[in-house]
Amino acid sequence: MTFEQKAIELGYKIEPAKQVQGKPLKAIRTGNLVYTSGQLSIKNGVEIKGKVGKDLTISEGQDAAKHAALNCLSAIKTVIGSLNNITRIVKILGMVNVERDFNESSDNDTSKVIDGCSELLHEIFGETGQHARSAVGMTLPRDFAVEIEMIVEIKSL
Amino acid sequence: MTFEQKAIELGYKIEPAKQVQGKPLKAIRTGNLVYTSGQLSIKNGVEIKGKVGKDLTISEGQDAAKHAALNCLSAIKTVIGSLNNITRIVKILGMVNVERDFNESSDNDTSKVIDGCSELLHEIFGETGQHARSAVGMTLPRDFAVEIEMIVEIKSL
Amino acid sequence: MTFEQKAIELGYKIEPAKQVQGKPLKAIRTGNLVYTSGQLSIKNGVEIKGKVGKDLTISEGQDAAKHAALNCLSAIKTVIGSLNNITRIVKILGMVNVERDFNESSDNDTSKVIDGCSELLHEIFGETGQHARSAVGMTLPRDFAVEIEMIVEIKSL
């Protein structure tokens, strides 16, 4: 089964993102790598905002991370057309919108939040979806809950 | 018009940065990519410091971002000599020095701050200057207002 | 003297990291680059946690950064076997766990903390260890003191 077929089977509709004139590119290719811009937690057009661990639960944060990841895949499709051209998910930078004392308890863990992204990649891409990552807390634009940057390796097109 | 000519026409004097002995490299090349170190908001030798949205306005933050970007270009020139060797601005990580509650209002937006960098790149490089980016808030060294990391693609030299 | 020999001479025991099933990869190769996941400040199995500048001194933070860097080298060994295959340390992202007002004094400086990583790389790799880097403050998972991401260039294997 191809990655595109697998995504559809899992119920994900991943369309190429619309590039907004005058804004940073959704994604860019250099050689056989594609870099995305940081993609925000927007789910079917609805913005997921707030500090994880305060305004949102960890579970809601994971859902935000999953949708930021789906938006990365949409961004990548603007450059390579089909997810089937991905040969490797290389690197994730998962950024979680947190209060500064978020991580001081062991239950509050930015890694757990970004697992929502990593699990999605595993579901769709299997072994090809295994990646290196960092998952850290900071302050995100317009109070979005999660932002994710992705680097993927693609076939020579 | 070349990128070097365009920069001069716009009034920007972009010299190769001075590498300080024993410090991280200003920039480094691998293959046909150049990675800069994070460059700080220093304008004609004057350090731009403070929390954006508290000590500095958004507009002052944009100016800080523009000068951090100019410093990235100086850093890149230590490795490739001339801006004319750039074939693509690939990726920007724009880091804004903020209070943790900076982004909770829609006027306060780290994206707007980093637009000061993106606009400069568009001015000098046109289409070649289109890039992927993230623009996020964190705590910066010695309270500098903005720090920017850049990855560019260059000609085979 | 090889890098492996130098590391041993300096007293560092750098074994390939153990990959945990179902977790992000410790490191990943694409072309002749290796990207690590963010590696945490763990020293001989002991977790170094807390906010640098509050719970830990700058000097303790530097030690945390050194051990996060050693963990990056262990991560890289999972992919390339021997440190002798490294041709260039390319880029470091040094992330320091801080209070939001950490950098407001000139003594408190995230750059100084990450010097603990840069010095280690210089000790082991000499000129090959010269790198680009950013060194910034944010909120780290489970309150770890330092997290470091590394990109290195390797021989064609």
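Helix 2 of chain C is mostly covered, with 17 of its 23 residues buried (20 or more other C-beta atoms, placed from the backbone, within 10 Å of the residue's own). The model is predicted: local features need pLDDT of at least 70, side-chain atom pairs count only at pLDDT 80 or more, and totals for chains, interfaces and linings use all residues. Residues are numbered from 1 along each chain as its sequence is written, while chains are lettered from A and ligands numbered from 1 in the order in which they are written.

**Helix 2 of chain C**
- Helix 2 covers residues 58–80 of chain C; helices (H or I, at least four residues) and strands (E, at least two) are DSSP runs numbered from the N terminus.
- From first C-alpha to last, helix 2 of chain C reaches 33 Å, close to the 33 Å expected at 1.5 Å a residue (1.5 Å times one less than the number of residues).
- Gly81(C) follows helix 2 of chain C and has a positive phi, near 80 degrees.

**Chain B against chain A**
- Contact (C-beta atoms, placed from the backbone, within 7 Å) involves 24 residues of chain B and 20 residues of chain A.
- On the chain B side, strand 6 (86–97), helix 3 (110–125) and strand 7 (132–138) each supply at least two residues.
- Strand 7 of chain B gives the largest share of that side, 7 residues.

**Chain B against chain C**
- Here 20 residues of chain B meet 24 residues of chain C.
- Strand 1 (27–30), strand 2 (33–36) and strand 8 (146–154) of chain B each supply at least two residues of the side that touches chain C.
- The largest share of this side, 3 residues, is from strand 1 of chain B.

Technical notes
Two residues are in contact if their C-beta atoms, placed from the backbone, lie within 7 Å. A residue is buried if 20 or more other C-beta atoms lie within 10 Å of its own, exposed if 12 or fewer, and partly exposed in between; C-beta atoms are placed from the backbone.
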